[in-house]
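Hi everyone, thanks for making time for this.

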Amino acid sequence: MISLDEFRKNKEGRITPRALIEHLLANIDQVDTVGYVIKKKDGIIDAGWSETTHLEALGLYELGKNRIIFDMGEDEPI
């Protein structure tokens, strides 16, 4: 059951943690490796990854960083 707040955020195009995790779970059969970085409500930041090498996990985080930088450029006016 989706909450009213979750529905409103989704309608506005915002991606909530719940929506992101539900999307991941809906596609879990296609996922080989997962890495995450979270900021908890108390401000604590945590990171983790599924079974893989440290080098591959680091590479996935670097690719994620590059994706964010790329997406930031798409928001800039021409």
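Now the housekeeping. What you see is a predicted model, where local features need pLDDT of at least 70 and side-chain atom pairs count only at pLDDT 80 or more, while totals for chains, interfaces and linings use all residues. Residues are numbered from 1 along each chain as its sequence is written, and side-chain values use heavy atoms, with hydrogens and water left out.

Let's start with the overall layout. The chain has three helices and two strands, and reading from the N terminus the order is α-α-β-β-α. The accessible surface, calculated by the Shrake-Rupley method with a 1.4 Å probe and, for residues, with only the protein chains shown counting as cover, comes to about 7400 Å². Carbon and sulfur atoms hold 59% of that surface.

How much of the chain is buried? Of its 78 residues, 6% count as buried. Here buried means under 20% relative accessible area, exposed means over 50%, and partly exposed is in between, again with a 1.4 Å probe and protein chains only.

Next, contacts, which for me are heavy atoms within 4.5 Å. Among the contacts in the chain with a separation of 6 or more, 12% are between residues 24 or more positions apart.

Now please look at helix H3, residues 54-74. How many salt bridges does the structure hold? There are two, a salt bridge being a side-chain nitrogen of Lys or Arg within 4 Å of a carboxyl oxygen of Asp or Glu. One links Glu62 to Lys65, with the closest N and O atoms 3.4 Å apart. Both residues sit in H3, three residues apart, about one turn of the helix. Glu62 counts as partly exposed because its relative accessibility is 39%, and Lys65 is partly exposed too, at 43%.

The other salt bridge pairs Arg67 with Asp71, whose closest N and O atoms are 3.2 Å apart. These two also lie in H3, four residues apart, again about one turn of the helix. Arg67 is exposed, because its relative accessible area is 54%, whereas Asp71, at 29%, is partly exposed.

On to the strands. E1 and strand E2, residues 45-49, run antiparallel and are joined by five bridges; strands pair if DSSP finds at least two bridges between them.

Ser50 is partly exposed, because its relative accessible area is 28%. What does Ser50 contact, leaving aside neighbours within four places in sequence? The answer is Asp32, Thr33 and Val34. Val34 is 16 residues away in sequence, yet the C-alpha atoms of Ser50 and Val34 are 5.3 Å apart in space.

Thr33 is in the loop between H2 and E1, and not counting residues up to four places away, Thr33 touches Ser50, Thr52, Glu56 and Leu60. The side chains of Thr33 and Asp32 also make a polar contact of 3.3 Å. By polar contact I mean a pair of N or O atoms within 3.5 Å; within protein, one must be able to donate a hydrogen and the other to accept it, and residues adjacent in sequence count only if both atoms are side-chain atoms.

Two last stops. Thr16 lies in the loop between helix H1 (4-11) and H2, and it counts as buried because its relative accessibility is 8%. Its side chain reaches the backbone nitrogen of Ala19 at 3.1 Å.

Finally, Ile28 is in the loop between helix H2 (17-26) and strand E1 (35-39), and at 39% relative accessibility it counts as partly exposed. Ile28 belongs to a nonpolar surface patch with Ile21, Leu24, Leu25 and Val31, with about 400 Å² of accessible area together. Patches are made of residues with over 30% relative accessible area and no salt bridge, with like charges joined within 9 Å and nonpolar side chains (Val, Leu, Ile, Met, Phe, Trp, Tyr) within 5 Å. That's my tour, thank you!
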